[in-house]
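Trainee: Could we go through this model together? I would like to start with the terms and then move on to the contacts.

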Amino acid sequence: NSIWVSTDHDEIEKVAKQFGAQVHRRSPEVSQDSSTSLEAIREFLNHHHEVDIVGNIQATSPCLHPSDLIKVADLIQKEGFDSVFSVVRRHQFRWSEVKKGENKMTEPQNLNPAKRYRRQDWPGELYENGSFYFAKRHLIERGYLQGGKMAYYEMRAEHSVDIDIDIDWPIAEQRVLSFGYFGKEPLKEVKLLVCSIEGCLTNGRIYVTEDHKEMVSYDYRDIVGIDLLKKRGIQVRLISERDCSKTLSAMQLGCVAKVSATNKLQVLKDWQEDMGLSWKEVAYLGNEESDVECLKQAGMSGVPADACAAAQKAAGYICKSSGGCGAVREFAEHIFLLLEKVNSARKQ
């Protein structure tokens, strides 16, 4: 019924309110490094007697999707469970620990070495992943996040990321980039893809002949990707900071293009307004710092694998292919995947 952020930090409070959350100002007593989530939740309930059910979402699990939370809330509100918590299925063989100095042998915990099977043929085990804990008020007041009539909710592996130590950060980042997060706004079809020419459609290299003529190379797979986008009704437009009119003419792509663009974002805004599109319907593929603002503005954004660090940070998807080596085709496939999700959501 309501979304709250419990914090004792001014900046966190400011950001939380910017995104529409309400803020519970946490007391110093439950703001210590040793404080538990349960202590913070119980303090919150002491100030909010109207709350009957709490869904505790862990900030260290950034890949959690809204659809999961809706299903879990239904388990408590409609199916009568007192508490629900998240788990993930793992396929790992466990062995007993032998401490240094002990004259013992390790023992198998969940397998028979004499009849060892392939892990992919084994159903695996359910592990609590700490992503969320839903519980009714009466349990929390007694000091429990799990109890009564309990149920687990099995999350998909790609959404189950728990940041405990610093090396977990890049894993979480790549999961978000690969599988995305669409928030509470409904998905929309992409109707326009704007692609930077140098470094995306081409590999960014310019070859100069003795008679001062320029040559560039491109990947035929990218041309096929552009054609496939057009067949799906998606307009493809090209943009470049250089005057590469002759190169575009030679490639015969049949796309609207803007060359010598000193302000790529303004060009993108002009195209978006002229076509009457929302930003959710615009996709952008760029690779340089000059593309960063466009990547942030577009509803769907991507960069080749060899894009600069600033562009990678701003993008929603990082291709496995480099610029001029199939990145456009790969991003086109990513767009098609989004369209499948849109169609599936509409059918549901």
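Mentor: Let us begin with a definition: helices (H or I, at least four residues) and strands (E, at least two) are DSSP runs, numbered from the N terminus. Please also keep in mind that this is a predicted model.

Trainee: Where is Thr-7 found, then?

Mentor: Thr-7 is found in strand β1, which covers residues 4-7.

Trainee: Is Thr-7 buried or exposed?

Mentor: Thr-7 has a relative accessible area of 6%. The cut-off for buried is under 20%, so Thr-7 is classed as buried.

Trainee: Which residues does Thr-7 touch, leaving out those up to four places away in sequence?

Mentor: With that exclusion, Thr-7 touches Ile-12, Glu-13, Val-23, His-24, Arg-25 and Arg-26.

Trainee: What does the side chain of Arg-25 meet in a salt bridge?

Mentor: The partner is the side chain of Asp-10, at 2.7 Å from N to O. The pair links distant parts of the chain, with Arg-25 in strand β2 (residues 22-25) and Asp-10 in helix α1 (residues 10-18), 15 residues apart.

Trainee: And how accessible is Arg-25?

Mentor: Arg-25 is partly exposed, at a relative accessible area of 40%, whereas Asp-10 counts as exposed at 56%.

Trainee: Which residues are linked with Asp-10 and Arg-25 in a network of salt bridges?

Mentor: Glu-13 and Lys-17 are linked with Asp-10 and Arg-25 in that network.

Trainee: How many salt bridges does the count come to?

Mentor: The count comes to 15 salt bridges. Among them, Glu-198 pairs with Arg-242, the closest N and O atoms being 3.2 Å apart. Glu-198 lies in helix α6 (residues 197-201) and Arg-242 in the loop between β10 (235-239) and α8 (245-251), so this pair ties together parts that are 44 residues apart in sequence. Arg-242 counts as partly exposed, at 26% relative accessibility.

Trainee: What about Asp-121: which residue forms a salt bridge with it?

Mentor: Arg-118 does, and the closest N and O atoms of the pair are 2.8 Å apart. Both Asp-121 and Arg-118 are exposed.

Trainee: Changing topic: in what order do the four strands of the open sheet come?

Mentor: The order is β3-β5-β4-β6, and the pairing is mixed. At the edges are β3 (53-57) and β6 (150-154), each of which pairs on one side only. On average, neighbouring strands of this sheet are turned by 35° against each other, direction ignored.

Trainee: How many bridges join β3 to β5?

Mentor: Five bridges join β3 to β5 (residues 125-136), and these strands run antiparallel. Ile-57 stands opposite Phe-132 in β5.

Trainee: Which helix packs on the sheet?

Mentor: Helix α3 (residues 66-77) packs on the sheet and touches β3, β4 (83-90), β5 and β6. The direction of α3 makes about 65° with that of β5.

Trainee: Where is His-48 found?

Mentor: His-48 is found in the loop between α2 (37-47) and β3. The relative accessible area of His-48 is 11%, so this residue is buried. Not counting residues up to four places away in sequence, His-48 touches Trp-4, His-24 and Arg-137.

Trainee: Last topic: how is the protein divided?

Mentor: The protein is divided into domain 1 (52-90 + 123-165) and domain 2 (192-346). Taken over C-alpha atoms, the centres of domain 1 and domain 2 are separated by 40 Å.

Notes. Residues numbered from 1 in each chain as written. Predicted model: local features only at pLDDT ≥ 70, side-chain atom pairs only at ≥ 80, totals over all residues. Heavy atoms only, no water. Pairing = 2+ DSSP bridges. Axes fitted to C-alpha atoms, helices over the stretch in contact; angles between N-to-C directions. Contact = heavy atoms within 4.5 Å. Buried < 20%, exposed > 50% of the residue type's maximum accessible area, 1.4 Å probe, protein only. Domains from an automatic or database assignment. Salt bridge = Lys/Arg side-chain N within 4 Å of Asp/Glu carboxyl O.
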